[in-house]
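Here is a short report on a ligand site and a helix pair. The structure comes first.

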Amino acid sequence: MAELDMPKPSMTGAGSAGLTIDRVTKHFGEHTAVDELSLDINAGEFVALLGPSGCGKTTMLRMLAGFESVNGGRIQLGSRTLASPETHVPPEQRDMAMVFQSYALWPHMSVADNVGYPIKLRGLRGTEYQQRVQQALALVELEAYAERMPQALSGGQRQRVALARCLVSDPSVVLLDEPLANLDRHLRATMEHSFRDFHRRTGATLVYVTHDQTEAMALADKIAVMKAGKLVQWGSPETLYREPRTAWVAGFIGQGSQLKVAAGHPGKRLEGGALMAGLNATEAERSQLALVRPEHIQVSMQPPATHQLTAQVDSVIFRGERFELGLRLASGETLLAYHHTAPDVGSHVAVSLQQGWCLEPEQ
Ligand code: ATP
């Protein structure tokens with residue numbers, strides 16, 4: 001086995017304990033920021049809390065960290081209760097570390113001194129101190145930058161220093177609050193690779209707050225989708241994409257079209273034949289909302305065959321590897337489809353829908 005492939009010693013205590021969030025509630029005055037939220041997070045899992053601005057993600061993360069108390073429910077790390085209305089373990093005793101959006105490095109300290117500061121505060125000195133700092137820098141691949149000052153680093157490198165600083169104290173859980181929000185698009189993509197790599201090498205339990213669905217899908221093992229303080233769905237990125245519960249989740253994650261059909265049942269897949277037949281029913285009969293992803297729509301420039309529908313091309317956008325077509329059916333409903341050539345706007349194409357997913361009504 002090559003040296004690079006050897007597992008590095010864990011700095012995170014990963015594998016030790018899962019995190020349980022049990023009906024956690026937080027009120028700010030009259031406003032309920034987090035409403036009976038429950039999640040079981042396995043040790044070593046990479047979890048994203050995803051939702052629009054103001055849905056309570058940061059409040060949930062701050063309750064995990066211990067910066068906010070809880071008004072109801074319970075937070076446990078393994079069998080240890082960290083928070084409940086009666087219990088509040090202070091942040092420094094929770095075995096967790098948090099990385100903020102603004103990485104807040106100390107400008108007058110070198111990279112190595114920034115990283116080592118938390119363990120220096122705890123009185124660590126000498127060889128053990130040096131080894132821990134080296135190990136944390138190695139985990140974020142910044143060993144060569146140990147003596148640099150933060151001002152001489154890129155945004156992505158500064159964020160990696162902040163990560164190393166949180167790892168040095170060997171936490172069981174790392175909490176990240178929109179850590180890529182201040183970086184440009186290119187750097188965000190690079191940092192997504194760094195985060196995945198970092199997770200693979202440390203095996204740490206990561207809870208990552210973001211409002212960016214593509215970031216959550218690219219990074220997380222599991223995603224908790226939140227809306228107005230409540231958990232609306234909890235599952236792997238693939239499950240959320242293929243089997244979103246409601247129209248709201250379907251609209252928030254990935255692209256697609258939502259059509260009314262007279263077929264199917266909520267939470268079930270609808271095959272192409274039944275979907276097409278269900279679209280042809282009368283308006284009154286079409287009471288089930290079905291999601292159709294663009295990759296399940298076949299577009300043909302030939303005149304429509306009997307099993308196909310006719311659609312008018314409303315828009316064509318070039319996306320490099322394909323064209324994105326905005327189509328309109330005779331019913332007035334719109335469809336988003338992909339094609340490798342560009343039809344004329346205003347022309348008609350034949351479409352067949354290969355499968356759909358039946359959504360639950362909004363609560
Ligand atoms: P964003 O993506 O914009 O950061 P978020 O999902 O992280 O949003 P939170 O910051 O958790 O949302 O806020 C949830 C709700 O609680 C918001 O309506 C916010 O205004 C409110 N809130 C948060 N902190 C406080 C506070 N200290 N006092 C009063 N209200 C608060």
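Helix H1 gives the largest share of the shell around the ligand, three residues. Two elements give two or more residues each: strand E2 (31-41) and helix H1 (57-65). Helices (H or I, at least four residues) and strands (E, at least two) are DSSP runs, numbered from the N terminus.

The model is predicted: local features need pLDDT of at least 70, side-chain atom pairs count only at pLDDT 80 or more, and totals for chains, interfaces and linings use all residues. Residues are numbered from 1 along each chain as its sequence is written, and side-chain values use heavy atoms, with hydrogens and water left out.

The ligand is surrounded by Phe-28, His-31, Ala-33, Pro-52, Ser-53, Gly-54, Cys-55, Gly-56, Lys-57, Thr-58, Thr-59 and Glu-178 (a heavy atom within 4 Å).

A side-chain N or O atom of Thr-58 sits 2.7 Å from a ligand oxygen. For Lys-57, a polar side-chain atom is 2.9 Å from a ligand oxygen. Gly-56 uses a backbone N or O atom, 3.0 Å from an oxygen of the ligand.

The ligand alone exposes 640 Å², and the protein buries 58% of that (Shrake-Rupley method, 1.4 Å probe).

## Helices H2 and H4

The axes (lines fitted to C-alpha atoms over the stretch in contact, angles from 0 to 180 degrees between N-to-C directions) of H2 (residues 111-121) and H4 (residues 155-167) come within 7 Å and cross at roughly 35°.

Val-111, Asn-114, Val-115 and Pro-118 in H2 meet Val-161, Ala-164 and Arg-165 in H4 (heavy atoms within 4.5 Å).

Methods:
Polar contact = N/O pair within 3.5 Å; in protein donor to acceptor, adjacent residues only side chain to side chain.
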